[in-house]
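Have the picture open as you read.

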Amino acid sequence: MSTSPSHAEQAELAVEVDHEPHLGEIQGRSPWQLVLRRLRRDRITMIALVATVIIVLLAVVAPILKSLGVLDLNGHDELVQGIGSMPTGPLGGMSARHPLGVQPGTGIDLLSLILSGMTTSLIVAVSSTVVAIVVGTVMGLLSGFAGGKVDWVISRFIDLVLSFPQTLMLLSLQAVLVSAIASAIGMADTASTPKLLFMIVVLGFFGWPYFARIVRGQVMSLRQREFVEAARSLGARPWRIYVHELLPHLWAPILVYTTMLLPQFVAQEAALGFLGVGVPPPAISLGTLLNDSVQYALPDPAYFFFPGFAVFLMVLSFNLLGDGVRDALDPKADRQ
């Protein structure tokens, strides 16, 4: 594909000049190719992408490794039989067998605990993100396209949800909602699954309003465009306009907001677990590990440091990747 010099302004977004001296041609590129090109040029984003892929792969394979016996979640006798039952050896019992040491009081391999905790934390974060994105997209589409009373009702509902303090609601509604969820799925209140579902529902419920406002603004600017008016004139039903006309134009903000919500929910899960509202045993999350490690912060700082560093690394990687994706999707990035 070639572009004449008189079309230079349009070519700035769609083409790239090959600087090889023996070619000297203008090659066309699709929007996705431009996005991938910007991502590859951003070294920090590529490093964050590699770190994110490694973290996700570790979290995915952790249950498999646990079932195969590679991750050892059974206690050992590598503890001093005395006050506090602290691990033997330097830095919390670090050794070739236990590269990050062992858990005080139980002797469980700390690396196995962290990998299992990453799995639980990512399940909560990813599921909550899906809930927030789906609900926010639907509510934003309805509010922005319908307008009138529908827009007013949804906007006031968004204001109502935003007025509730999220952490306080998690603490106050925990007993009631966990019991309701446990009864609905036929499990005991003390099981891990009802608490896990409770955190996903509540985090997702409080995470959608901001995204709904973003989608609403995008849809309000799109509903007057020619392709929407053409679909209306041809008698297209509202659901078809939502799915086939509006939704394809919202993939960029959806992708960007997803990369922003995911690290936020990872941090929130860790904070809730630290406050004692996380998933109960036998489930393990990074937040519950942090909560348990506080009492050992001075006698065994390694047990406190490594789960905290895992949370830091996950949040940092996701945030840097989100920033890079947002910049790559900016059509003015090449000009800058």
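Arg216 and Asp151 bring their side chains together in a salt bridge, 2.7 Å from N to O. The term salt bridge is used here when a side-chain nitrogen of Lys or Arg is within 4 Å of a carboxyl oxygen of Asp or Glu. Arg216 sits in helix 7 (residues 192–222) and Asp151 in helix 5 (residues 148–162), so this pair ties together parts that are 65 residues apart in sequence. Helices here are DSSP runs of H or I with at least four residues, numbered from the N terminus.

The cut-offs are simple: buried is under 20% relative accessible area, exposed is over 50%, and partly exposed is in between (1.4 Å probe, protein chains only).

## Where the model comes from

This is a predicted model, so local features need pLDDT of at least 70, side-chain atom pairs count only at pLDDT 80 or more, and totals for chains, interfaces and linings use all residues. Residues are numbered from 1 along each chain as its sequence is written, and side-chain values use heavy atoms, with hydrogens and water left out.

How many salt bridges turn up in the whole structure? A search finds 3. One of them joins Asp159 and Arg156, whose closest N and O atoms are 3.0 Å apart. These two are 3 residues apart in helix 5, so about one helical turn separates them.

Asp159 has another partner too: its side chain meets that of Arg213 in a salt bridge of 2.4 Å, N to O. This pair links distant parts of the chain, with Arg213 in helix 7 and Asp159 in helix 5, 54 residues apart. Through shared partners, Arg156, Asp159 and Arg213 end up in one salt-bridge network. Arg213 is partly exposed at 42% relative accessibility, and so are Arg156 at 37% and Asp159 at 30%.

## A nonpolar patch outside

Now for the greasy spot: Ile44, Phe305, Phe309, Phe312, Leu313, Leu316 and Leu320 form a nonpolar patch on the surface, with about 620 Å² of accessible area together. Patch members have over 30% relative accessible area and no salt bridge; nonpolar side chains (Val, Leu, Ile, Met, Phe, Trp, Tyr) are joined within 5 Å, and like charges within 9 Å. Accessible areas come from the Shrake-Rupley method with a 1.4 Å probe, and for residues only the protein chains shown count as cover.

Helix 12 (residues 301–328) gives the most to this patch, with 6 residues. Phe312 is found in helix 12, and at 47% relative accessibility Phe312 counts as partly exposed.
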